[in-house]
Each structure stands twice: as C-alpha cells, then as structure tokens.
Amino acid sequence: MKTVIVDNFFPKLPDVSDIKLYNSSQLYEMQQNKKGKYNWPGVRSEDLSIVKPELLNYFVDTFNEQINLFPRFRASVVIHLKVKKDNVIDEIHTDEDADYSLVLNLSKTNLKSGTMLYDKNDNVITESKFIQNRAILFDSRYRHMATTNYGKNIDDGRLTLNAFFKL
C-alpha cells in the first residue's frame, strides 16, 4: 500500500468560497432521492463535476503533474469542512467505495491538526500535519482519521478537498 505526501500541490490555491456545503443527511437525500441516515462529520459539497467542473479539471491536471500514479482513474472530488464540534463524532474509518483517497488541505496551516493513518491495532503509522496546500494520498483500505478539527465556520475551520479514486 502506497502513501504519498506532496507539499505545494496547487500552483495557485483555488477559491472555494462560492461552493455550497451540506451535512451528510442532506447530501444523501439529494444524491439518492430518498431519506436516509448517512453520517460523517462536518459538511461537504456535491461532487465538483456538478458544482464546479473547472475546479475538478484543475485538480485532475495538477494531480497528473504532481503525482501521476494512475494511468486511468475515476475520481469523486468534494470540498469538506470540519469544525471543532465535529470532533465528538469523528472516528477512525476506511473509505470503502474507493481504491485511493486524497486529502488536500485548503485552509491556513494548523500544526495541531492533520490526517493520521492507523494499523489494525490503532497504532499511528503515518501522520501528516495540516499544512496549507499539502496533499496526502493513501490506499483507501488504510484506517484513517482527521485529527483535531477546529474553528466554527468556513473562515476558521478545517477546510479540505477530498478525492476518492477508483482505478
């Protein structure tokens, strides 16, 4: 299983302030056209292919320049905001619907936060500090979790671009 960390991922950080964010139940209802209880912490955008395709293209082009590990892939890419109150429901998990996952830190650097990868016994095997414009790509079977969500809103919270790759 491969893990890659890239600093200064984007040549220029994108403005995502105009992208609407939803909680997990709202997104589930919009995507599945039915009520349901799906739960992850924070709020997320719809897939960038729907709400901001030019940002999706910028991400894919930059990914292919910076990392270029996959000759062919499909990716679901979203903007995700977690704030301090989300710490109580955040948990170690895997991304079962993807082969690889990527977390790209968009908000200002916060060295008290980051992304941790764990082994099956909950031992930390990789820690990536929350440094603005840093991307961590990892096999989605790795157990992982955001550490120390912070702030109250999009202006001071933990804002990331998350990509889920199917090869």
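Asn133 is buried, with a relative accessible area of 8%; buried denotes under 20% relative accessible area, exposed over 50%, and partly exposed in between (1.4 Å probe, protein chains only). Asn133 is placed in the loop between β6 (124–130) and β7 (135–139), where helices (H or I, at least four residues) and strands (E, at least two) are DSSP runs numbered from the N terminus. The phi of Asn133 is near 70°, a positive value in a residue other than glycine. Most residues other than glycine have a negative phi.

The model is predicted: local features need pLDDT of at least 70 and side-chain atom pairs count only at pLDDT 80 or more, whereas totals for chains, interfaces and linings use all residues. Residues are numbered from 1 along each chain as its sequence is written, and side-chain values use heavy atoms, with hydrogens and water left out.

Asn8 also has a positive phi, near 55°. This residue is found in the loop between β1 and α1, and at 58% relative accessibility Asn8 counts as exposed.

## Aromatic pairs

Rings of Phe, Tyr and Trp (its six-membered ring) pair if their centres lie within 6.5 Å; planes under 30 degrees apart count as stacked, over 60 as edge-to-face and the rest as tilted. By this rule there are 13 aromatic pairs. One of them is stacked: Phe10 and Tyr58 have ring centres 4.6 Å apart and planes at 15°. Because Phe10 lies in the loop between β1 (3–6) and α1 (24–32) and Tyr58 in helix α3 (residues 53–66), the pair ties together parts that are 48 residues apart in sequence. Phe10 is buried at a relative accessible area of 2%, while Tyr58 is partly exposed at 24%.

The pair of Phe59 and Phe165 is tilted, with ring centres 6.4 Å apart and planes at 40°. Phe59 belongs to helix α3 and Phe165 to strand β9 (residues 158–166), and the two are 106 residues apart. Phe59 is buried, with a relative accessible area of 0%, and Phe165 is buried with a value of 0%. Ring pairs join Phe9, Phe10, Tyr58, Phe59, Phe63, Phe70, Phe73, Tyr100 and Phe165 into a cluster.

## Helix α3

Helix α3 has 14 residues and spans 20 Å from its first C-alpha to its last, close to the expected 20 Å; the expected span is 1.5 Å times one less than the number of residues. Its buried residues are Leu55, Leu56, Phe59, Thr62 and Phe63. Viewed down the axis of α3, these residues fall within an arc of 135°, so they line one face of the helix; the arc is that of the directions from the helix axis to the C-beta atoms.

On the other side of α3, Glu54 and Glu65 are exposed. The buried residues of α3 pack against α2 (48–51), β3 (74–82), β4 (100–105), β7 and β9, contact meaning heavy atoms within 4.5 Å. Asn68, whose phi is positive and near 45°, follows α3.

## Asp47

Asp47 is placed in the loop between β2 (43–44) and α2 and counts as buried at 13% relative accessibility. Asp47 and Ser76 are 29 residues apart in sequence and 6.1 Å apart in space, C-alpha to C-alpha. Not counting residues up to four places away in sequence, Asp47 touches Ala75, Ser76, Val77 and Val78.
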